[in-house]
Amino acid sequence: MWYMNEDRKLLQKSFAEFAQKRVRPFAKQLEDEEASPKEILKEMGKLGMFTMPIPEEYTGTGPDYISWGLLLEEVSKESATFGFLTLLRQVFNGPLLKSCSQEQIEKYVIPAINGDIIIGLAGNEPAGGNNLFEYQTKAVKDGDEWVINGGKVLVTQADDVDVFMVIALTRDQIDFRTMEGLDVFFVHTSDPGFSAGHIENKVGLNGSRTGSVYFDNIRVPESDRMPYPMALLMLFGPELSGYGAIALGGCEAMIAKTADYLKKRVQMGRSLWDSYQAARHDLAKLQLDVLNFRNALYGHLMNRNCGIHDSIEAGAVKSACGPLLEKVSSECMLLMGGTGVIHETGIEQYYRDAKALQIACFSDKTFLDNVANSL
Amino acid sequence: MAKEIWVYAQKDADVVKELLAKSQEIAKVIGEYKVCAVALGDDLKDAKNLGDLGAEKVYAVEHTSLKEYRCDLYAKAIEKLVQKYQPEYFFFGATAIGSELAPTVVALVKTGLAAHCIDLRYGKDRLNCMVPAFGGKVISEIYIPNARPVMASVRPGILQTEEAAKYEAELVCEDTSFLNDETSTEEFLGFEENQKDTNNIEDADVVVSAGRGITSDASWNALTQLADKVDGAIAWSRSFIDTGRVKDESSMIGTSGKSVKPKLLVNAGVSGAAQYVCGIARAKKVISINKDPKAPIFAYSDYGVVGDAEKILTAVAAKL
Amino acid sequence: MMNIAVCIKSVPDPEYYEKITIDPESKRLVRDGIPAVINEADCHAIEAALRLKEQNGGTITLVSMGPPAAKEQLLEGLAMGADAAYLISDRKVGGADSLATSYTLSKLIETVGTFDVILTGNESADGATAHVPSQLGVWLNAAHATNVVDLYYDNGMVVTKQFETGRGKYRLQTPCVIGVTPKANEVRFKNVRTILEAKNKTLKVLSAADLKDVDDQYLGLKGSPSQNGEVEAMSGNKECKMLQGTETEIADQVVEIIHQIIGVKEEA
């Protein structure tokens with residue numbers, strides 16, 4: 001590949017080894033029992049797997065978004081949920097470097113980069129994901145501290161992180177022009193006022209433990225309020241292209257599995273692969289889509305390596321990847337006949353994951369006005 | 001060069017008997033070679049009994065410093081013996097000790113060594129040592145054209161031989177006073193014996209073996225039931241260990257495991273990979289069950305069943 | 001402070017053993033197109049070296065004998081955390097049996113440094129002779145141990161060797177050569193930082209002329225007392241009778257065969 005070099009080859013091999021030895025045995029528990037992947041995520045952090053896009057002055061080894069893409073790709077070949085949870089680490093760590101004080105970076109972000117803690121985002125409310133102005137979670141100043149009350153919904157890893165970034169209103173109304181009144185606080189889940197509620201039974205991305213969280217008079221020091229909250233919210237955008245790598249890994253795994261199946265399944269002395277040109281061609285068409293998508297994804301990631309962090313371009317990758325994963329999983333299931341729709345085969349979950357991916361972080365349906373505004 | 005075939009008589013190792021029998025076979029082919037055992041230790045009063053196992057002559061190397069096995073001292077003592085008598089052939093069992101001692105002696109004496117052989121055949125005017133490579137996928141012929149002695153280490157439990165002739169062995173007690181001044185680079189700190197092996201597959205008359213195809217609880221239960229009905233020891237392949245149900249390698253058959261020689265071996269869900277079949281060469285009768293008609297195991301079986309192991313095992317156990 | 005050398009070997013990837021064929025005319029192995037990896041036991045030797053370095057301080061130097069392409073495996077060893085790597089690649093040392101191989105490695109080791117401990121994988125996946133640790137010990141005039149399942153430094157290297165009936169513990173004087181088995185440890189995953197540092201470390205390819213005090217008679221084919229003859233594929237030699245019929249019929253046949261072979265079990 002045009003984007004590979006010696007370092008990336010070594011890294012990719014090492015990511016594949018980790019994915020096969022750690023993620024693969026765990027994938028079934030994650031999918032069927034929604035077991036907590038927290039320990040494996042921390043292990044990845046300790047092995048430096050979250051450092052690739054991070055600049056060296058923050059203990060990173062980057063910025064190299066291509067290596068990051070390779071990590072997401074390899075992990076997602078075993079589990080899209082795992083790829084998603086790996087992606088979130090950078091979705092948060094990257095923007096946090098711009099929204100936090102130096103003290104917060106040392107206290108929270110660098111430990112997150114190195115796998116000592118897991119940070120999550122508690123943002124969504126019943127008012128609506130993008131409807132920040134009607135959020136109800138409030139933080140009220142009391143001396144040197146803020147007292148937070150409220151709740152969030154559809155929070156990923158609701159009961160499985162160490163620290164949450166909580167979006168809360170510090171005024172009755174957010175100022176439309178300056179966005180003053182909208183703040184983000186670091187809240188420890190060990191705080192007695194924190195509780196996680198119901199974990200949703202949703203389609204796909206099993207194991208991401210999406211659920212509700214509640215804040216009951218949680219006291220947070222002023223030093224745990226981010227000085228530049230808008231930077232956090234604005235910078236999520238460019239990181240979302242990581243979803244492309246998740247879909248890419250999933251598609252590659254499914255196509256390989258399907259090709260292998262068709263070549264080994266023998267009926268009347270001939271493999272299905274040899275007997276049915278239609279099947280070969282169906283799979284070939286999927287492969288063409290994947291090859292084109294891979295170039296688009298890594299082209300975008302190369303742009304990021306060159307310092308171009310374009311939300312629209314990232315959104316283009318994100319909004320294409322869900323439908324691609326859906327299409328490939330749908331086709332592969334049918335090409336594998338009855339085996340394809342059986343859970344143990346390992347294809348049908350990507351079909352469900354594809355739907356969840358189209359909603360995760362932000363819905364593909366809310367993105368289009370952003371694109372129109374750029375024209 | 002002495003017309004002698006030497007066998008390192010490791011204490012309490014069954015392979016010594018196999019090697020002495022094989023050496024007698026080779027001696028018959030090449031004519032007028034004496035089969036000798038080499039014993040080391042601090043108390044060799046029973047060394048002459050090696051004649052019962054097939055040795056015509058026994059070289060006894062006795063010294064207090066040889067009480068515990070230490071590779072460097074044992075190797076030095078053997079090197080001296082080899083330099084003195086110059087045997088033409090020298091065989092070791094490929095046991096943990098043999099696999100270490102033989103190459104050390106070879107490096108001291110500067111000769112050639114074929115390791116982990118599964119057979120020794122005399123032909124083309126030379127001794128051909130058959131050695132598995134690439135996990136047993138291929139068998140290489142190794143020979144030593146010029147250097148002497150010709151040395152080989154042989155896997156225990158694999159050689160197929162006639163019963164060895166017994167002898168009233170000639171005992172040669174070597175002068176080991178040179179060991180009074182020898183020091184060792186190894187300090188022996190202690191030995192911890194394994195837990196008693198209640199499931200001795202190597203000596204069992206009947207073995208029932210599980211392969212990768214035994215995945216469900218039902219199929220495993222059917223297998224254990226069958227083993228119980230036939231009083232068989234349960235063994236398995238490495239692939240079965242990889243499924244996670246068991247971890248114990250002491251019941252594992254294969255190149256890095258054990259060899260079995262039962263009257264009856266039943267393989268269930270075993271594919272017959274090279275590494276596995278190396279360990280079943282001496283099984284007398286083999287019945288194999290596998291759902292893949294092309295599984296390699298059938299080429300090593302007397303009877304084959306293409307089918308679902310769980311169903312067959314359950315049905316058979318019920319009827320026994 | 002401990003200077004550790006680790007001998008590694010580039011071998012065909014065992015995952016691809018299916019693809020190895022035998023040339024029908026020359027009766028030699030054909031292994032083209034099979035990717036190479038670091039021999040598995042050698043990875044455990046590198047892991048053992050990393051632990052010894054963590055406990056005692058020092059350096060880890062990789063040494064290997066192989067074709068120029070083996071550089072890739074040495075780079076991977078550096079990515080695991082070794083500090084420097086040397087490859088001896090020369091026609092003169094090729095065609096070697098284990099005695100000549102261990103001689104060459106001993107000369108390479110003496111040329112590139114002075115070491116307290118030399119680790120090797122106990123055996124290689126392809127040849128599996130397990131000779132190198134002992135023979136290296138003899139050539140280097142050092143203590144040596146094979147089949148090691150545990151090792152640490154305490155006034156010498158304390159090793160636990162696996163025997164059939166149990167485990168023996170020995171203290172070896174340094175310098176010593178130790179054959180590490182996969183049972184000794186679990187190889188750690190590579191760290192991204194260590195991977196990225198690999199390219200900045202010493203990785204040199206030497207030829208036979210670079211080796212110090214070499215006696216040519218012990219090198220390569222000339223120095224190999226054992227020779228390879230023909231190679232044959234492992235094949236079964238039994239005539240297998242495939243049982244036919246319904247499941248019940250087959251089960252009946254199997255029961256009868258079992259009774260024939262081991263007799264009928266007496267009911268208590």
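This is a predicted model: local features need pLDDT of at least 70, side-chain atom pairs count only at pLDDT 80 or more; totals for chains, interfaces and linings use all residues.

Trainee: Which way do β6 and β7 of chain C pair, and over how many bridges?
Mentor: Strand β6 (residues 58–65) and strand β7 (residues 84–88) of chain C pair in the parallel sense, and five bridges hold that pairing.

Trainee: What sheet are they part of?
Mentor: They belong to an open sheet of ten strands with mixed pairing, whose order is β11(B)-β11(C)-β10(C)-β9(C)-β12(C)-β8(C)-β1(C)-β6(C)-β7(C)-β13(C). The edge strands, each pairing on one side only, are β11 of chain B and β13 (202–206) of chain C. On average, neighbouring strands of this sheet are turned by 30° against each other, direction ignored.

Trainee: Which helix packs on that sheet?
Mentor: Helix α4 (residues 132–139) of chain C packs on the sheet, where it touches β1 (2–7), β8 (117–121), β9 (143–153) and β12 (176–180) of chain C, and its direction makes about 105° with that of β9(C).

Trainee: And how does the chain B strand join in, parallel or antiparallel?
Mentor: Strand β11 (residues 186–193) of chain B pairs with strand β11 (residues 166–172) of chain C in the antiparallel sense, over seven bridges. Within that pairing, Glu193(B) stands opposite Gly166(C).

Trainee: Which pair of chains has the most contacts?
Mentor: Two pairs of chains touch, and the most contacts are between chains B and C. Chain A and chain B have no contact, and their closest C-alpha atoms lie 11 Å apart.

Trainee: Then what does chain C give to the side that touches chain A?
Mentor: α5(C) gives the most to that side, with four residues. The side of chain C that touches chain A is made up of six nonpolar, one polar and four charged residues.

Trainee: Switching topic, how far apart are the ends of α6 in chain C?
Mentor: The end C-alpha atoms of helix α6 (residues 247–262) of chain C are 22 Å apart, which agrees with the 22 Å that its 16 residues should span at 1.5 Å a residue.

Trainee: Which of its residues are buried?
Mentor: In α6(C), the buried residues are Ile250(C), Ala251(C), Val254(C) and Ile258(C). Seen down the axis of α6(C), they fall within an arc of 100°, so they line one face of the helix.

Trainee: Why would residues spaced out like that point the same way?
Mentor: An α-helix has 3.6 residues a turn, so residues three or four places apart point the same way.

Trainee: What sits on the other face, and what covers the buried one?
Mentor: The face turned away from the buried side of α6(C) carries the exposed residues Thr248(C), Glu249(C), Glu256(C) and Gln260(C). The cover over the buried residues of α6(C) includes β14 (264–268), β15 (285–290), β16 (303–306) and α8 (309–319) of chain B. Just after the helix, Gly263(C) takes a positive phi of about 80°.

Trainee: What do β6 and β7 of chain B form?
Mentor: They form a hairpin with two residues between them, and Lys124(B) in the turn has a positive phi of about 55°. Five bridges join β6(B) to β7 (residues 126–133) of chain B, and the two run antiparallel. Leu120(B) has Cys129(B) as its bridge partner, while Tyr122(B) stands opposite Leu127(B).

Trainee: Last one: is Leu240 in chain A buried or exposed?
Mentor: Leu240(A) counts as buried, because it has 21 C-beta neighbours inside 10 Å, and the cut-off is 20 or more. Leu240(A) is found in the loop between α6 (229–239) and α7 (242–264) of chain A. Although Val91(A) is 149 residues away from Leu240(A) in sequence, their C-alpha atoms are 7.0 Å apart in space.

Technical notes: Residues are numbered from 1 along each chain as its sequence is written. Chains are lettered from A and ligands numbered from 1 in the order in which they are written. Two strands pair if DSSP finds at least two bridges between them. The expected span of a helix is 1.5 Å times one less than its number of residues. A residue is buried if 20 or more other C-beta atoms lie within 10 Å of its own, exposed if 12 or fewer, and partly exposed in between; C-beta atoms are placed from the backbone. The arc is that of the directions from the helix axis to the C-beta atoms. Two residues are in contact if their C-beta atoms, placed from the backbone, lie within 7 Å. Ala, Val, Leu, Ile, Met, Phe, Trp, Tyr, Cys and Pro count as nonpolar, Asp, Glu, Lys and Arg as charged, and the others, Gly among them, as polar. Axes are lines fitted to C-alpha atoms, for helices over the stretch in contact, and angles run from 0 to 180 degrees between N-to-C directions.
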